[in-house]
Amino acid sequence: MEMAKIGPGVAGGNNRQTLTDADNEGRHLFKRWCDEAGLAMGVDRMGTMFARREGTDPDALPVYVGSHLDTQPTGGKFDGVLGVLSGLEVVRTLNDLGIRTKHPIVVTNWTNEEGARFAPAMLASGVFAGAHTLDYAYARQDGEGKSFGDELERIGWVGDEEVGARKMHAYFEYHIEQGPILEAEDKQIGVVTHCQGLWWLEFTLTGKEAHTGSTPMTMRVNAGLAMARILEMVQKVAMENQPGAVGGVGQMRFSPNSRNVLPGQVVFTVDIRSPDQAKLDAMRTRIEAEAARIAAELGVGCAVDPVGHFDPITFDPVLVGRVRAAAEKLGLSNMNIISGAGHDACWAAKVAPATMVMCPCVDGLSHNEAEDISREWAAAGADVLFHAVVETAEIIE
């Protein structure tokens, strides 16, 4: 709740988008809390923050635990933040109890997980895993044409560590479900076994600007109509690939965006996801082919840019087992679950054993200022996180 005071939204949530002044303020608060817990802070060239609690073995690789502090423009208080601050709470609890671990523990705040301001999402963890280059990341631009690299420098969080140079013994991420399954099944803990893969396909449709009142229907080159038909087609493709597939559009821009002018250009992003690699790739191929056909029939230009992608992830079975065992030991109801959203854990899993813990959220609502969880849900997941992390980091008796 203290973090939520920074970058308040207009309806009770948060607008703390990455590399804004609010993000900077949130980072400083997190750093102060880490300093108070006796952690040593490192920052890489993507601005990702790594707060380290030393282990007893100087040669043992660290156990990483974290998530992100940036939010959507109309984001909630818990998406990402719960995972970062629960990681800090793991360390505080160890400090309170005087427990030492063989492996160091590193609490992590990844930069630009959301991708709301700079696409793609999970940008810093993607560079860390080698999926993107640093130059590519620095060149990403927001809607105002400001670059990621310039904004990172502006707020003062360009670190000196090479991105991806750190080696991990394991990675844990605790997150709200962002969906309705756990609440509907009355389960306290989601044991995350897989994460859906995704494609973000940015379409640019080029038509002809013309007066909506005086241009005959048969003489229009209507990019808006092409967009509408493509949206309906995306829905059809997703429904025909049930179960285990989703597709939709959450962002679009009309130009010139005037009431009485047919758009000369429409830009929108199709978001498709599935835990099945073959299904995901087949959906992409079909959507691109049918979009090109739809546009051609209307005389509209059509270009596609894949601005975000990761393959479906299977999380480490040993770590998954530790999460499940911790829930059972604590007497918490639990179930296996596949994450419908992308997370930094997806990229971390490319370079180290990784897994996630999830707790329910009210009505499955997320990426919304009304996002909410209960104290009991939050505590249960944090307890599971603690036990799984500490077992992996190995207590020194």
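**Entry 1: the helix α11.** I checked the length of α11 against what its residue count predicts. The model is a predicted one, and I took the end C-alpha atoms of α11 from it: they lie 26 Å apart. With 19 residues at 1.5 Å a residue, the helix should span 27 Å, so the two values agree.

Entry 2: Next I wanted to know where else α11 turns up. How much space lies in the second largest pocket? I noted about 700 Å³. I counted 25 lining residues, and the closest to the pocket centre are Met1, Leu82, Leu85, Ser86 and Ala378. Two elements give two or more residues to this lining, namely α2 (81–97) and α11 (375–393). Which of them provides the largest share? My note says α2, with 9 residues. I also sorted the lining by class and got 15 nonpolar, 4 polar and 6 charged residues.

Entry 3: Rolling a probe the size of a water molecule over the atoms shows where empty space is left. I looked for cavities of 30 Å³ or more and found 2 in the structure.

**Entry 4: the largest cavity.** The largest cavity holds about 80 Å³ of space. I wrote down its lining as Pro120, Ala121, Met122, His132, Leu198, Trp200, Gly308, His309, Phe310 and Trp347. Both β7 (197–206) and β12 (301–310) supply at least two of the lining residues. The top contributor to this lining is β12, with 3 residues. How many charged residues does the lining have? I found no charged residues there, alongside 7 nonpolar and 3 polar ones.

**Entry 5: the second largest cavity.** My last stop holds about 30 Å³ of space. Around the second largest cavity I listed Thr18, Asp23, Arg27, Leu69, Asp70, Asn109, Trp110, Thr111 and Asn112. By class, I noted 2 nonpolar, 4 polar and 3 charged residues in this lining.

**Entry 6: side by side.** The largest cavity has 7 nonpolar residues in its lining and no charged ones, whereas the lining of the second largest cavity has 2 nonpolar and 3 charged residues.

Key
Residues numbered from 1 in each chain as written. Predicted model: local features only at pLDDT ≥ 70, side-chain atom pairs only at ≥ 80, totals over all residues. Heavy atoms only, no water. 1 Å grid on protein atoms, 1.4 Å probe; cavity = no way out; pocket = protein on both sides within 12 Å on 5 of 7 lines; lining within 4 Å. Points joined across faces, edges and corners; volume = space filled by probe spheres on them. Helix = DSSP H or I, 4+ residues; strand = E, 2+ residues; numbered from the N terminus. Nonpolar A, V, L, I, M, F, W, Y, C, P; charged D, E, K, R; others polar. Expected span 1.5 Å × (residues − 1).
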